[in-house]
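Here are some notes on the model, written for a reader who will want the cut-offs beside the terms.

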Amino acid sequence: MAKKKIKTYSLSDLKDKYIGKPGTNEREIYEYELRMELLGRMIRNVRLQKHLTQEELGRLVGVGKAQISKLENSANSARIETLLKVFHALNAEVHFTIKMSQQYIQLP
């Protein structure tokens, strides 16, 4: 009896099929939300490494504990000013990269 070969798919193939190809509105939204979720997780991890509670970080930034919790769960609704204050309070450097028409621009 011949073995059936199992067809495999790459993550990129699955994202293209179920979310949309790169450049489509659906894919852009997905990629943005994923980056914002990862940003929130990074903030949480650094806060924990520095042994800060959400309340303590909020006090350093000038916002409430609920705002820090919301930010850590998804940075989607955060203002850039708040994000910069959080990074400053965590002694984290921030670097921006802007991509314009296949050309990258780095801001210090």
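**Notes on the model**

1. Leaving aside its neighbours within four places in sequence, Glu72 is in contact (heavy atoms within 4.5 Å) with Gly40, Arg41, Ile43, Arg44, Arg47 and Gln54. With Arg47 there is also a polar contact between the two side chains, at 2.5 Å; the term denotes a pair of N or O atoms within 3.5 Å, of which, within protein, one must be able to donate a hydrogen and the other to accept it, while residues adjacent in sequence count only if both atoms are side-chain atoms.

2. Glu72 lies in helix H4 (residues 65–73), and its relative accessible area of 6% makes it buried, a label given under 20%, with exposed over 50% and partly exposed in between (1.4 Å probe, protein chains only).

3. This is a predicted model, in which local features need pLDDT of at least 70 and side-chain atom pairs count only at pLDDT 80 or more, whereas totals for chains, interfaces and linings use all residues. Residues are numbered from 1 along each chain as its sequence is written, and side-chain values use heavy atoms, with hydrogens and water left out.

4. The protein has five helices and two strands, where helices (H or I, at least four residues) and strands (E, at least two) are DSSP runs numbered from the N terminus. Their order along the sequence is α-α-α-α-α-β-β.

5. Of the 108 residues in the protein, 22% are buried. Among contacts between residues at least 6 apart in sequence, 41% join residues at least 24 apart.
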